[in-house]
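The following note sets out points for a colleague who is examining this entry.

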Amino acid sequence: MRGKEFPSGNPRFAPFPTVTDLLIADFCPVAVLHNLLHGRDYALIGQAPYEMKRRGNLFHKFIAHLKSSLIKGKIKLPNYNLLSEFHRFAEHYGFDFNARSDLWTFYVGPWVSRKLDEELQDISSSDEIFFELSVANHKVPFPHKGKSVSYPLKGRIDEIDIKRKRIIERTIKGSSLDDKPPTLKDYQVWLLWKLLCSLRRGQLPSQWESINFQDFELVVETPHRDFTISHENPNYIEKTHSAYVWIHDISISESPGVNREAYDNRACTSLNPNQECGLIRTCYPRNYPHPQSRPEIKQIFKPWYQYLLWEQIWKGDLFQYQLLNLEKEELIEKGLILEGKIASFDDNKIELEMSTEIGSVRGYNEYTIIPFGTLFCGKEMKAKLLKVKGNRLIMEIQDEGISLSNDAILLPSSLESFSPILQEPPTFLEEQKQTGLLRLQHSGAVKEEKAKSRSWIQLLEAIFGIIQLKRGSK
Amino acid sequence: MENFDPSTIRAIEKMFQALSDDLGNGVSEERAGWRPLADFGIEPPDEGELLRRAVIESDSRGQFRLNFKNNRIRREFKTFDLQFEQLDCFLRDTEKVSEAQRILKQITEMLQITPEYWAYIIALGWWKMLEISEMPARVDDILGEGFSPEDWMIRASRSSSQLALNVARKYGEVEDFDEVVNFLEKRRICNTQDIILSLTLNQDDIQKVMKVLKWEEIEAELTEPNIKVLAFFWSFLFALKCNNLYPVTTEFSLKLYDTIWNSLENLLREKESDILSNLENTIRTLTEEGIIWASDILYLPVII
């Protein structure tokens, strides 16, 4: 924790998973294996994951914008033209007219028409609604055989409505005919609630210390329906223990049987694939006969995936443990965080007055600011350093309509990232390497002539197989 | 495709499942996937239409299955592209795994009748395992023995055959690697051209490699089941590779994995779980002794 051990080999400490990791592990052990070892984390997003993510983000952002504008009085209902507001908002995020129309028709429109008459008109300046709140704890207790077992967990809550005492998990999935929430969304909001409830005084934002989150309502909100989720469900507890075991074993267990066990427990088969899953082609790749050395490639690449995962754990997960375990003074002393006060703030600029010498931050442009809350529970904002003026940092941020407190904590790059003093690359690079390796392992050609004309296949055959590299055509 | 309602689509999914179950259980292509129509949830009134459109075919016993060989059907059901593609792999894997099982049986019987032949299997399996491991070691130790990191990358794996022979000789007489190759070729397990040995290092360099890897400590810790399980897996998979018999589907890979373990349990007279925990214990002990690279050298090959 204090950086005394040289990071190498198997970390031998439990990974620090996200709520999404747990959901994926519950969805299918092979999907979480692909998530951890191959950097493929979109099993639950379904087909066309990038476009779905982009649409989902806009849906979230627009609702946050709408509710924040209602609180600030920038939008007044019922006579405001929300369709035009949506077009203006979505255009700003690069959606063309057709995409905006589709989004309104399928997601935003149905949501607005459901909420317009009651909930939206009820929002006023006395409301306290928080969006996209990051929550993390290294010890979240879950009951187990009459005792309690604690696990590390981090996640992001879509919405907390303090006045109406609700925690909302919002999604673009689902249809008007559904009688239950989309796959695992109920479990997701329950996990986030457990995570929030595990935080003690001092870990929660100071304004929330007297709030009892135990009796907050848990809601899964689709464009078409709201589902209230029960606080008590033994099934969720069982799912959680099982998901942690998969994540632990796949990440750091060196037992030779783990892979096989994951595949033995897979959720679908190649002739009956789960159409909801975004990893169908990862699990069932095209079968290219070339390169013929694919079996060797598979053997040689296998440990590399594990090493790349261990690197991520040593960097990102360890950093997360440090943030939540070490005292603030120690974090500052180690250069893991810097502390400052918000001197001024407008729509896209923030000026921070730092409490310590700020020479050490020079050279790093990307930051995460937590303008509201703590390292355990707060609003994270990406910020780009524009200027250093004396002991003040001027940064560019995206206006997300949040309420700011006067204290800010400044982190290098992101919460999932690590100390700039170590000068190590961000963990997403390891994930990209994993993804790239798997893509290379699965690529190939059907016909021999094609394989011969592709230099990279010939190169693979020469490196991993038994053919000899030859220059030129002869 | 637009002409088929959701119940037909569900029926087709069930037909794929029936084919998957049967082929996975070793039923031949001709006999796989046949079921009474009710098993697919198809009502008698729809039967005629599906037969007329050649979506299903019937046999003399009044059973039905998906007409998967019909190219028109494949074109029509575009959303089932993946399943048709996987079905083709299944059919190829059925043949491959049956041939693989024949080779496996041959090796197993050979070792049961003549246990001295383990020496050849160990030499082959350990050579392949060590070569693929690329001999990870501690940089200080590599430099300490006069290798540059680049030298090590090029030369260390050239000691694989010698190190493998050292292990093999404890279980039978083997003069050199040529003897191993000749034996395997004679038994039609693999051919001479499949085994390409890199130039062997001189004895001095082999000693240095052994020192860097702490090979004597590793060998001292290895138990007989450790040596044999690693040898058996790597040799058998090498034989599959040489004969182009590697299955590509998850289902057949798992099936093959189970078959290998059955053979090993018979040969070693130990349960799979005991064999695996024995191997884990050895690696843990070596790691605790400071040989942290043990798990990167002594490991079972990936099958799935």
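1. Overall build of chain A. The model under discussion is a predicted one. Chain A contains 14 helices and 11 strands. Its radius of gyration is 24 Å, close to the 23 Å that the globule rule gives for 474 residues, so chain A is as compact as a globular protein of that length. The C-alpha trace of chain A spans about 75 × 55 × 55 Å along its principal axes.

2. Burial and contact range in chain A. Of the 474 residues in chain A, 40% are buried. When contacts in chain A between residues at least 6 apart in sequence are considered, 70% of them join residues at least 24 apart.

3. Nonpolar cores. The largest nonpolar core has 87 residues, and those touching the most other members are A:Ala31, A:Val32, A:Ala43, A:Val135 and A:Leu192. Helix α10(A) gives the most to this core, with 9 residues. Beyond its neighbours within four places in sequence, A:Leu192 is in contact with A:Val19, A:Val135, A:Gly155, A:Ile157, A:Ile167 and A:Glu169. Another core, of 71 residues, lies apart from the largest one, and B:Trp126, B:Leu163, B:Leu165 and B:Phe238 are among its members.

4. Cis peptide bonds in chain A. The bond from A:Leu77 to A:Pro78 is cis, with omega near 10°. A:Pro78 is placed in the loop between α3 (49–72) and α4 (82–92) of chain A. A cis peptide bond also joins A:His290 and A:Pro291, where omega is about 5°. A:Pro291 is found in the loop between α9 (280–283) and α10 (294–325) of chain A.

5. The contact between the chains. How many residues of each chain take part in the contact between chain B and chain A? On the chain B side there are 34 residues, in contact with 26 residues of chain A. Helices α1, α4, α13, α14 (272–288) and α15 (294–297) of chain B each supply at least two residues of the side that touches chain A. Of these, α4(B) gives the most to that side, with 7 residues. By class, the side of chain B that touches chain A comprises 21 nonpolar, 7 polar and 6 charged residues.

6. Helix α1 of chain B. Helix α1 (residues 6–24) of chain B has 19 residues and reaches 27 Å from its first C-alpha to its last, close to the 27 Å expected at 1.5 Å a residue. Its buried residues are B:Thr8, B:Ala11, B:Ile12, B:Met15, B:Phe16, B:Ala18, B:Leu19, B:Ser20, B:Asp22, B:Leu23 and B:Gly24. For reading that list, an α-helix has 3.6 residues a turn, so residues three or four places apart point the same way. The elements covering the buried residues of α1(B) include β2 (64–66), α4 (81–113) and α13 (250–268) of chain B. Just after α1(B), B:Gly26 takes a positive phi of about 85°.

7. Domains of chain B. The domain assignment of chain B gives domain 1 (6–76) and domain 2 (94–297). The C-alpha centres of domain 1 and domain 2 of chain B lie 45 Å apart.

8. Most residues other than glycine have a negative phi. B:Glu134 is not a glycine, yet has a positive phi of about 60°. B:Glu134 sits in the loop between α5 (118–133) and α6 (139–144) of chain B. Is B:Glu134 buried or partly exposed? With 16 other C-beta atoms within 10 Å, B:Glu134 is partly exposed. B:Arg188, which is not a glycine, also has a positive phi of about 60°. B:Arg188 lies in the loop between α9 (177–186) and α10 (203–213) of chain B. B:Arg188 has 11 other C-beta atoms within 10 Å and is therefore exposed, the cut-off for that class being 12 or fewer.

9. The surroundings of B:Glu221. B:Glu221 belongs to helix α11 (residues 215–221) of chain B. It counts as partly exposed because 18 C-beta neighbours lie inside 10 Å, whereas a buried residue needs 20 or more. Apart from its neighbours within four places in sequence, B:Glu221 is in contact with B:Thr282, B:Thr285 and B:Leu286. B:Glu221 and B:Glu95 are 126 residues apart in sequence, and their C-alpha atoms are 40 Å apart in space.

How values were computed
Residues are numbered from 1 along each chain as its sequence is written. Chains are lettered from A and ligands numbered from 1 in the order in which they are written. This is a predicted model: local features need pLDDT of at least 70, side-chain atom pairs count only at pLDDT 80 or more; totals for chains, interfaces and linings use all residues. Helices (H or I, at least four residues) and strands (E, at least two) are DSSP runs, numbered from the N terminus. The radius of gyration is taken over C-alpha atoms; the globule rule is 2.2 Å times the number of residues to the power 0.38. Two residues are in contact if their C-beta atoms, placed from the backbone, lie within 7 Å. The expected span of a helix is 1.5 Å times one less than its number of residues. Domain bounds come from an automatic or database domain assignment. Ala, Val, Leu, Ile, Met, Phe, Trp, Tyr, Cys and Pro count as nonpolar, Asp, Glu, Lys and Arg as charged, and the others, Gly among them, as polar. A nonpolar core is a set of buried Ala, Val, Leu, Ile, Met, Phe, Trp, Tyr and Cys residues joined through C-beta atoms within 7 Å.
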